[in-house]
Each structure stands twice: as structure tokens, then as C-alpha cells.
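Here's a quick briefing on the fold, meant to be read with the structure open beside you. Have a look around before going through the points below.

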Amino acid sequence: MKNVCPIPCASTGAAVKIEAGDSQLNAQWARVRGRLRAECGDAAFRSWLKPLVLVGHRDPEVRLAVPTRFMRDWVDTHYGDRLRALWAEERPSVRTVAVVVDSGRPQAAAPEGGATQPEGERPRAAFVVVIDPGHGGDDAGAVGPSGLSEKDVTLDIARRLKARILAEMDAEVILTRDTDATVPLDDRTAIANHQRADLFVCIHANASRRGNARGAETYFLSYQATDDESRAIAAIENNTLGLEEGVQKDGNLEMILWDLAQSAFLKESSVLAEIVQENLNDALDIANRGIKQAPFRVLMGATMPAILIEVAFITNPEEERRLRDAAFKDRLGSAIFESIRRFHEKYVQARAR
Ligand SMILES: [Zn+2]
């Protein structure tokens, strides 16, 4: 893979256009991503764009933020004279710099100095959680012996979890999908990064060829899987719609960048995973399968603590039956909620002090 950044290539041709007067950064960001992806190709998009966050725009500029800890040098090296301004943004766990990129419109005077504030940014809630209900749309995920689809279970649990958080915490909660929609794995991570989430929680239901496999598993990111079974599960979850969205053989560079993004949060991710796993074990009286690590694509490039929970084995007839039961799903939601609250007390509040 060539060591190129998609932003300069996007800014040389017909480049990103953001409509004036559109205050919905989310919608803008979706358009910008689509445009950059189309212009730069999928591989470049995946490797460079995923960690970026759209923070604002002012023609002719598009303002993107990147985690400074690994991107600052890269930004200096790659943007050269296209780089118009950088600004630093403090948040408890990450410093981001904004990359100001030519949007292809007539040039305006470059901002003076390096400390420009982004425009059009809404105030951020004190605590932001992005919940990712696995699969959706054309991708049903795993299907149980009696026909229950993973995509329906994950959305149901995500909604219950969201309701609990909103009812009991001063927080903002965003679902990567709130309908039965197809959302690519990279977009899910991009949504969490764009929202500058404090936590990214992916919800799935497990599958195994062994019909008697049971229990919850909580994962955080690693290139190396904990064991063969974890590797197999990551391969299944990465391969949505048969698109082989998993780890590419020639994707070392993108892997390194993504790893650098999430590696800053591995300790907190592992702590969160541990708390979730404990609470699931306590609440559900199900077999403890422990916390594990595997190369889940959706966790790569996340610039916040990020975990993936396999709540139960939908392929196990008994657990599939439980996953149809509203009370059981409430208990799952409660266990994850209590974990998030504990993590918030332990880390987020502590950071703010
Ligand atoms: Zn899944």
C-alpha cells in the first residue's frame, strides 16, 4: 500500500463540498466521508480517514480533528503547504489537533496563528456513550436454531441500555444505528470518533458450531487473539455480508495506525471489559468465559475506551430462548449499564477532578 494520505488527493481535484447553512455535522461528516472514500479509494479511506473527526467547516475549509499523540508528526509531514491551521483541543483523555483542509472552494485568507476554534460545534455533553448494535439491514448476523436474528437482539439490548443510561446518568447516548439499517464497520467506529465519545460499546450475540457453547464474553482489541476460538469469532464478526472487511494481508500500515489510535486506551478498555464481564456473570448466573482479546475491526481506530460484548450464544437453543425474553434482555442491559456507571465513577469523574 502506498504511503499516501487521502486528504491532499481530495483537495487537488473536485474536493469536498459542504453545503452552507447545514448545521448537522453528522450528516455533513457522512457526506464528506462518502466523498473522500469515492475519491481516494477504499484502502486509503480505511487507513487514514477512520480516526478523523469532522469538527466544523468554514469555506473553503473542512476542519478535521485527529488524535495528536500519533498524528501530529504525520500531519506536519504529509500536509505541507496544504495545512492551513492547527488547533489543539483539550479533553480529559485526548488532545486532538484539527487539520484544516482545502474544500476546493475559492481560497480565503488563512487563519492567523494556530489557535482557531472550530465553528458550528455544538456543546458537548459531560459524558458521551456510543452504543453499537451489531449487524443490521442485509446483515442479520448469527441466526439461532429457531430463527432469532442477532441484529434484532443487539438493537433491542442497545435501546434498553440507552434508556437506562439516559434515565440515570447525566449523559448523551448515541446509537450507531437505531433502525434495521446496514452500517459498515468502519462507519461505526467513525461515528464514535466523530461524536468524541467517552466510551464505545459494541453489542453482539455469539455463535459457535458447538450447540452447547454458552455464556457471555467481553473483548477488547488486540492483533493477537487470546485463543483460536476468539480468532474465529473476530473473523466471523469482521466478515459482515461476506465483504471480507477483516484484517487485510497487505494492511500493515493501516493496522499500525489503527492500533496507535486504540492502544492509548487499551488499559481503560481492559478495565471496562473486566467490569462488564463481572457484572454479566453476577447478573445472569451464566458460565464465565472471561475477558478476551481479538482483532475486531470495529474496535480498531477507536479513540476512546472500546469493548465488544458477546452477550450470549444465540446458536445455543437455551440461550436463544432467553434472548427472546424481555426480562432477560433488561438484565443484560442493566448489567452493562451498572458497568458503565462504575467505569464512569472510576475514570471519567476522576479525570475531571
Ligand atoms: Zn455479531
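A helix's expected span is 1.5 Å times one less than its number of residues. Keep that handy for α5 below. This is a predicted model, with 11 helices and 10 strands in the chain. Of its 353 residues, 46% count as buried. Among contacts with a separation of 6 or more, 80% come from residues 24 or more positions apart.

**The sheet**
- Six strands make up an open sheet with mixed pairing, in the order β6-β5-β7-β10-β8-β9.
- β6 (172-175) and β9 (288-294) sit at the edges with a single partner strand each, so one side of each has no neighbour in the sheet.
- From one strand to the next, the twist averages 20°.
- β8 (residues 216-221) runs parallel to β9, joined to it by 5 bridges, and Y219 stands opposite K292 in β9.

**Helices on the sheet**
- α7 (residues 228-238) lies across β7 (199-206), β9 and β10 (306-313), at about 65° to β9.
- α9 (residues 266-284) packs on the sheet too, touching β7, β8, β9 and β10, and its direction makes about 175° with that of β8.

- The 19 residues of α5 should span 27 Å, and its end C-alpha atoms are 27 Å apart, which agrees.
- Buried residues in α5 include V153, L155, I157, L161 and I165.
- H135 is in the loop between β5 (128-133) and α5 (150-168).
- Most residues other than glycine have a negative phi, but H135, not a glycine, has a positive one of about 65°.
- H135 is buried, because 27 other C-beta atoms lie within 10 Å.

Methods: Residues are numbered from 1 along each chain as its sequence is written. This is a predicted model: local features need pLDDT of at least 70, side-chain atom pairs count only at pLDDT 80 or more; totals for chains, interfaces and linings use all residues. Helices (H or I, at least four residues) and strands (E, at least two) are DSSP runs, numbered from the N terminus. A residue is buried if 20 or more other C-beta atoms lie within 10 Å of its own, exposed if 12 or fewer, and partly exposed in between; C-beta atoms are placed from the backbone. Two residues are in contact if their C-beta atoms, placed from the backbone, lie within 7 Å. Two strands pair if DSSP finds at least two bridges between them. Axes are lines fitted to C-alpha atoms, for helices over the stretch in contact, and angles run from 0 to 180 degrees between N-to-C directions.
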